[in-house]
Amino acid sequence: MKLLKNNSPFIANLSHFLGVSQTPVSHSEKIISALGGFIAIFCIMVVSHHYIPGAASMGIVASMGASAVLLFAVPHGPLSQPWPLIGSHLLSAFVGVACALWIADPILAGSLAVGISIGLMYYLKCIHPPGGATALTAVVAGDAVQHLGFGFMLTPVLLNLVVIFGVAMLFNGLFYWRRYPAYLQQTQKQVPVAHSEFESLSHQDFIEALKEIDSFVDINEYDLNRILDLVYHSQKQHNMKPEEIHLGGVYSNGKIGSNWSMRKVIDEGHDDHSNTDYVIFKQIAGQEKKKNDCITRQEFAHWAKYEMHQVEGRWQRLVAKD
């Protein structure tokens, strides 16, 4: 535990490399997600055991278990929505059964089943990672699944999908912030983007941005607008006051990317009049044109969003103590 809590640059870089999530989620949200997954899988296991006897049914549970993580941990993510859920599993089940029946080599059949399923999910806009497990299950489960043939798509796959979809709607619907599918949450309350830099993100703006990235991004337009709006309001609440600017202090403008910079106050004057109360700064990071300048304390405070301090060689935002 001490290793994980260490704030050294090595640990920080290792965490970023490994993709350790920094998203703060409350304990209650984690418990709700776990409880929803438990209820869904309990129901699915009962259905699977009824239609496929023995160990083969465990494969179906495995792929639906992966879907449960998405539906109850990230119910508003694009990968969790009804069409990706239903389309991917049914499509992958069809491809998996076809490969199992028509390709004798199980290694080649399993590999093709997953690869073809991924490609078709992309083209049919129903990317849902657990679908790949369903395709593979149809190949490796053996006689129990091959005996069902393409009926495997209906029982237990479609039946399992009906169960997990129904549980996701009912369970997540008990909590107003988790309503599933995401459409129900989005139509409940539209969130306008009120800030000037992103006055309004249209559907076409979103599509053009995704074309530039040229890779699947697990966020929808509604959530992106909401995040930008919350970031804007959070930023507006942290404007600095002239009296907070002091000699030797290091400050950031709080911007993103190439517009970000840090300045250090290297000299100051003291005057009761704001128009003649000057500070001299030196830019210590960033690409702004002004590397050094003498401006009023009020102008500097308008530029600065928060103070920075150095911890073990890394600059961090200074959090005010209550």
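The structure, a predicted model, holds 11 aromatic pairs; rings of Phe, Tyr and Trp (its six-membered ring) pair if their centres lie within 6.5 Å, with planes under 30 degrees apart counted as stacked, over 60 as edge-to-face and the rest as tilted. In one of them, the ring centres of Phe72 and Phe171 are 6.0 Å apart and the planes stand at 70°, so this pair is edge-to-face. Because Phe72 belongs to helix H4 (residues 56-73) and Phe171 to helix H9 (residues 154-172), the pair ties together parts 99 residues apart in sequence. Helices here are DSSP runs (H or I, at least four residues), numbered from the N terminus.

Phe72 counts as buried at 1% relative accessibility, and Phe171 is buried at 8%; buried means under 20% relative accessible area, exposed over 50%, and partly exposed in between (1.4 Å probe, protein chains only). Phe72 and Phe171 form one aromatic cluster with Phe175, Tyr176 and Trp177.

The buried residues of H9 include Pro156, Asn160, Ile164 and Phe171. Seen down the helix axis, the buried residues of H9 fall within an arc of 170°, so they line one face; the arc is that of the directions from the axis to the C-beta atoms. The face turned away from this buried side carries the exposed residues Leu154, Val162 and Leu170.

Residues are numbered from 1 along each chain as its sequence is written. Local features need pLDDT of at least 70 and side-chain atom pairs count only at pLDDT 80 or more, while totals for chains, interfaces and linings use all residues, and side-chain values use heavy atoms, with hydrogens and water left out.

Key:
Helices (H or I, at least four residues) and strands (E, at least two) are DSSP runs, numbered from the N terminus.
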